[in-house]
Amino acid sequence: MMRVVSGGILLGVCVAFSFAAGKAQQHATATSVRVADASCAKCHKDIFEKYLATPMAKASGIATENFEAGALDHKASGVNYRLFPRDNKAMLGIQSTRDPQLHEERQLDYFFGSGHLGITYLYSIHGYLFESPVAYYSASHSYDMKPGLEAITQLPPALPMQAGCLRCHMSAVQHSDEGTINHYSGLPFLHGGITCEACHGDAAQHVATGGKAAVLNPAKLDADRRDSLCISCHLEGDISVERAGHSAIDYKPGDSISDYLSYFVYQGKDLTRRGVSEVEQLNMSMCKRASGDKMSCTSCHDPHYRPAPQERAAFYRSKCLACHSDASFVTTHHPENPDCTSCHMPRTGAENIPHVAWTDHRIRKIPDAAGDSIKDLGEGQTLTPIFSPKATKRDLALAYYMAVLEGNFAVQQQAYQSLEDIRSEISGDKETLNALGIVSEKRGDYKQATDAFAQVVKLDPLNLTALSNLGTLRAKSGDLKGAIDLWRPTFERNEDVVGLAKNLAQVECMTGDVASARATLQKTLEYNPGLKDVEEILARLPSCEGAK
């Protein structure tokens, strides 16, 4: 007889350089920046044309517009990946050297990533959005597994893309369908790349009045709202938490990002070992500390323009000399090397993202020896907020909980205690109630877990996490029909979620409904071909061997 997989479903966080997916409805696609911002070009042609060449403008788009053909033979899994063009389409071929029946092809809809560091591709099945398990890395000019999949020993499950993972590469990102994490009835985003309105806000009146109505100018905002435009995508921290009642997707230019997200880092962690830490590093620099709010990302970076390689040294040197302007310094400070960044902002790797290098934004006077990073301070287990003046105890509790989801079990007790401390304050907070329910279940407190998930379902009757875990608790208590009643409609909205499919199929089998169990597993294999554990359950179905 088969066992019920305990723990339900834990929905976690997007990882750094984790490329995301968007699916267009058939015969409909998101528009490019060139098309979306064509009205801006009428008056701002020079800025518009320069902007189109920037990584932000090219952050995503139709797959065939930025396609790198190539292949990867992944030894650990025995899976060969091939990316190739066919009939004006971009295709991903997948074939296993260990299982001759595993031979799949996916049409790729969108590219994700400008190519500055890398590119991956996005595909869809029946309206569910996924990312390719392989990515193209510009530094090595080759394909490799995406971060976290390097050692996997089989074709990985389909990688579902949540809307929050799209927002920094696409524009006008839409929320997923209710009760799902990666299914869209319409376009998941309206525009590929980062459009003008992503930084300047709604420009409809500006365009309608021929420029007479003002459009948002970030330079005229206070420092918090000005810097929020960059922080919203260029600050990662170790963990970020959406604030109660807010979604990062709904952030708009002119808002403070701290109303939507709280960021946390581990005290003592080496910033140079994590990607997307430029904002943190800049804040450590003497330049920023001496300049205060007068200095921002745009003091050195022009969002509308990326200098050509041969112009880069002179461009950034001019930014340095805007402050370091003493005449004798300008002429005597290493005149043989005009590239200030080569010494004071060297490029370094990031442990959580292979094959890429990031510019060290600490702007140090005396750089470390070649190849060195900041000295290891000994990574602690204490999370502290950064750039998040509105962070609450609730946000910190969720940060510890999310750390546990990411594999840091050293803070498991801290996560539980932090959630317990605020239990009386979270009756209307779905995310925190789900977290409390999951950690309570792990500790064997099934009553508290059940109460927490039931409260979420009252607030949000289609909540995937609550329904999945509540079903697990019912199954454990022997209420198999009650579990099926929760899981069946939830699975019909989330056919790609492997854990949900396995749980549902095993309980269907235990109640004698072998036909439904087989249909459930076969359906999820459409999205997740070749998964050994699913195929093993399917093979045992006729007798339901191991179900009890």
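Select I239. Leaving aside residues up to four places away in sequence, I239 touches S262, Y263, F264, Y266, L383, A399, M402, A403 and E406. Contact here means heavy atoms within 4.5 Å. This is a predicted model: local features need pLDDT of at least 70, side-chain atom pairs count only at pLDDT 80 or more, and totals for chains, interfaces and linings use all residues. Residues are numbered from 1 along each chain as its sequence is written, and side-chain values use heavy atoms, with hydrogens and water left out.

Buried means under 20% relative accessible area, exposed means over 50%, and partly exposed lies in between (1.4 Å probe, protein chains only).

Helices (H or I, at least four residues) and strands (E, at least two) are DSSP runs, numbered from the N terminus.

Go back to β12 and show its sheet. The sheet is open, has three strands in the order β12-β13-β16, and pairs antiparallel. Two strands pair if DSSP finds at least two bridges between them. The edges are β12 and β16 (383-386), each pairing on one side only. From one strand to the next, the twist averages 35 degrees.

Zoom in on β13 and β16. They pair in the antiparallel sense over four bridges. Select Y266: it stands opposite L383 in β16. Then bring back α12, which packs on the sheet and touches β12, β13 and β16. The direction of α12 makes about 130 degrees with that of β12. Axes are lines fitted to C-alpha atoms, for helices over the stretch in contact, and angles run from 0 to 180 degrees between N-to-C directions.

**The cysteines**

How many disulfides does the structure hold? One. Select C168 and C233, which it joins, S to S 2.0 Å. A disulfide is a pair of cysteine sulfur atoms within 2.5 Å. The torsion about the S-S bond of C168 and C233 is about -90 degrees, so the disulfide is left-handed. The pair links distant parts of the chain, 65 residues apart. C168 lies in the loop between β9 (159-160) and β10 (170-173), and C233 in helix α6 (residues 223-234). C168 is partly exposed, at 23% relative accessible area. C233 is partly exposed too, at 29%.

Move to C287. It is in no disulfide, and the nearest cysteine sulfur, that of C320, is 7.2 Å away. C287 is partly exposed, at 24%. Then select C297. Its closest cysteine sulfur is in C230, at 3.9 Å, too far for a bond. C297 is partly exposed, at 25% relative accessibility.

**Zoom out**

Show the whole chain. It has 20 helices and 16 strands. Of its 548 residues, 47% are buried. Among contacts between residues at least 6 apart in sequence, 60% join residues at least 24 apart.
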